[in-house]
Every structure is written in structure tokens, then in C-alpha cells.
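Student: Can we go through this one together? I'd like to start with strand pairing and then move on to charged side chains.

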Amino acid sequence: MNVRKMTNYTNKVKAQELWKTLYLCAKESPTRRFHALYDKIYRPDILWEAWQRVKRKKGSGGIDGQTIEQIVDGYGEKRFMNELYLELKEKRYNPSPVRRTYIPKENGKKRPLGIPTIKDRVAQMATKMVIEPIFEADFQDCSFGFRPKRNAHQAIARIRKESRKCFWVVDVDIQGYFDNINQKKLMKLLEQRISDRRVLKLIRKWLEAGIMEEGKVRNPLTGTPQGGVISPLLANIYLNTMDRLWQKKFSHLGEIIRYADDFVIMCKTKKQAMDSIQVILAITKKLDLSINRDKSRLVNIWDDTEGFDFLGFHHRKFPKRIKGGRTIYVMSHIPKKTAMKKMRMKIKDYTEPRYKLLMDIKDLVRGLNRRLQGFKNYYAISPLGKKWLNRIDWYVLERLTLFYNKKRNNRKKHGRLRDVRNEVEHLLVKLAS
């Protein structure tokens, strides 16, 4: 192991030790407020580990135009980190407005995304590494999004477990959650655990940094910019109020399962589901949030008549024959329609460009496999879901057949499918296998 790798490993271990120490302190005393945190944010080992994490995630630059590649290849990582270290230590650090961009959503609309500068991303990552364990100790088991060692598959497993005894689902969508978080209330929630004014001031600066769009900076009074490293943690801190209140006073109504701002409540009876709706409306009103009534639904999952979409899947009970000729309904998870469409679009976008015709089909397959493996890892979690993924497997074969025939100027664009199959099938990642 060379010196650089050894240094990175040592910094990673130190960061993990700090995380564990703060977590255990917070877990031991739920009312403790932490006062000496700021100096840990600009600690060289924490800052360097924060830089490594930001670098691994890649991403484009902010409004200053500085990219990760420019820092690594030209500006210099040590110079960049030393400047940030001194700015934080001497309290000269001031964040830049985030660069507003838009990414397409499944429904055809666009989701606003705020891209901070690389410097701001590193500072946010270092702050997140220091304060996350304190709030992680307070988070509830019903929350699965943007948390260490928690993921969407665990949330889906909880849905499957609860579906054995629950027959009604309240599917809730919060209207523009990230843009409508009350910043004053968020800061009060942070102050319940952090008394270090320097850390609180730093977070407030990010909330008030503003958004640059079309050359103009605006300063919204609410929200946390989507795209910021620390935004998911702040979003979880805000909605943890709902989680804690539910677990303390309303857990008898049903099981809440939340991933960031998306959540469902699984209830045994319709009355419990209706009562849950009223409770959630009251809690979200208290948090200055509103429910999107067009997207929120009450679903009966007694049989295969209805289902609901959550985390890219369509969840529905499907009939299953058991011994004695009886039919029972078992919860299964299949890719939702828009997810299937999105997969096809990504496959088409990768295989369609004319310059790809210069590639050998086997090289094209290797590049395609990286995308297919990602789909398989996420969507192939139930036997029934694999039937839907089989359609994507066939679509991949059709796209490769088109490529094969275009490359050879064959008139029949969809011909020679068997030849293509024989040539590439052993190389392809099969989603339904």
C-alpha cells in the first residue's frame, strides 16, 4: 500500500471512529446538546475524507465553473484543501449560490436541482460527517432514505412483511417538499441537539446562499436546495418530527414506512386508514407542508384489484394457488410502468447513436451490461417481477439486432435476430435470470 492510499485509509478510519463516538454519545443521552463541533469540521483528516467522498461521486461544477478534474489535474488537491481549511478555521468561509438546473421527471415535468460549487460540497460533506451521527441516534426505524446502512430494498421488505396483516395503504405525496421546508423551524430542530453557534451559522449560510438561475440570484425564504450534499440529512431531520410523533401517539393506526419525502402508511382497517389521513394532514400542516391530493391515494390491497407505486415499484397482491386448491393473495413488487419506460429509454439512448456503429457488437454489449447490472440489482427482487424484466431482456435483443443490421447495411432491420442472439447471449447480463 503506497503512502497516499495509507493516508486515505487512516483518514477514513479516523472519520469512522469520530462517527461512532458521536453516535454513542447521542444515543446514550437523547437530550444532550453538543457544543464543540466546529473544530472537528475543519480537522484535516475529516476534510480530506470529505474531499475523497465528493471526488468519488464526481458530478459537475457550480457557478464558479471549477470542476473536480480541474482541481485534480491543474489547481492541485492540496492547495484546494489548504485554502478551504484556512477559510473554515479563520471563519472566512462563505458559500456561493447554487446553480439551478432541471432534470426530467417520469411524468414529463422537470425537477429543480441545485448544484453547489465543489468547495461548498466538500464543506457540506465534512459538516454532514460530523453532525449526522448525532441525529442518526434520534431517527426512527420507519425511515429508510439517505441513511447509513439503509436502502430502498429494506423499505420494500417492510412493506412485504406488513402486507400479511394490513389491507389498506395510505400512499402520501408531499407537495414540493424540499422547496417548502420552513427554514426557521428546521433551525430550531437543529438547535435541539447542537448548541455550537458556529455550526448553526454555517448551516444557515447554506440555507440562505440563494439560487442562481439565468444569471440572477434569488433568495427563497423556504426550502433546502435539492442537490446539496447536506440537504437529504436536513430533510430527514425535519420529517423525523413526524416519525417520532407517529411512533409515540399514532402507531396503533398503522405502520409508517418512509423514504425521504415519500411514505406510505399500512393499516389493517379502512377506519384506521381514514384516521391516519387526518393525523398526517394535521402533522404536515404543523410543519408548514401540504399534501398533493392528486397523487396521494387510499388503496385497498385485499386482493389483486388495486396496487400502489413506491420507490420505482408497483406493489400489488397477486393470486397464488396453494395445497388444497385454495387461492391466497401474496404481495409482490414489479417495476412500475414509468420505470419500464425509463429503462427502455436508457437502453435506446446508449445503443442508437450512429457513432456507436464503429464499435464491435461485443464492446457495445460490455458497455450496455453496466447499465443492465444496475437495473438487475435494483428491480430483480421478486420472482414475479422477473417476468416484467424479461420484456426488457427482449427489448435489449431487439436493439442489438437493429445495431447488427445497421452495421452491415442489411435491409431487414429486424432480421437475423437468431444470429445476434447466438453471438451475444452468453455475454449479456440477463435481467430475468
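Tutor: A definition to begin with: two strands count as paired if DSSP finds at least two bridges between them. The model is a predicted one.

Student: What is the strand order in the open sheet of three strands?
Tutor: The order is β9-β10-β11, and the pairing is antiparallel. The edge strands, each pairing on one side only, are β9 (307–310) and β11 (327–335). On average, neighbouring strands of this sheet are turned by 35 degrees against each other, direction ignored.

Student: How many bridges between β9 and β10?
Tutor: Four, in the antiparallel sense, with β10 covering residues 313–321. For G307, the bridge partner in β10 is R316.

Student: Which helix lies across β10 and β11?
Tutor: That is α15 (residues 383–407), which runs at about 45 degrees to β11.

Student: New topic. How many salt bridges in the whole structure?
Tutor: A search finds 23. One of them joins the side chains of K185 and D288, at 3.3 Å from N to O. This pair links distant parts of the chain, 103 residues apart: K185 is in helix α9 (residues 183–191), and D288 is in the loop between α12 (270–286) and β8 (297–300).

Student: What does R204 form a salt bridge with?
Tutor: With E191; the closest N and O atoms are 3.9 Å apart. R204 sits in helix α10 (residues 197–207) and E191 in helix α9, 13 residues apart.

Student: Which residues are linked in a network of salt bridges?
Tutor: E49, R53 and R56 are linked that way.

Conventions
Residues are numbered from 1 along each chain as its sequence is written. This is a predicted model: local features need pLDDT of at least 70, side-chain atom pairs count only at pLDDT 80 or more; totals for chains, interfaces and linings use all residues. Side-chain values use heavy atoms; hydrogens and water are left out. Helices (H or I, at least four residues) and strands (E, at least two) are DSSP runs, numbered from the N terminus. Axes are lines fitted to C-alpha atoms, for helices over the stretch in contact, and angles run from 0 to 180 degrees between N-to-C directions. Contact means heavy atoms within 4.5 Å. A salt bridge is a side-chain nitrogen of Lys or Arg within 4 Å of a carboxyl oxygen of Asp or Glu.
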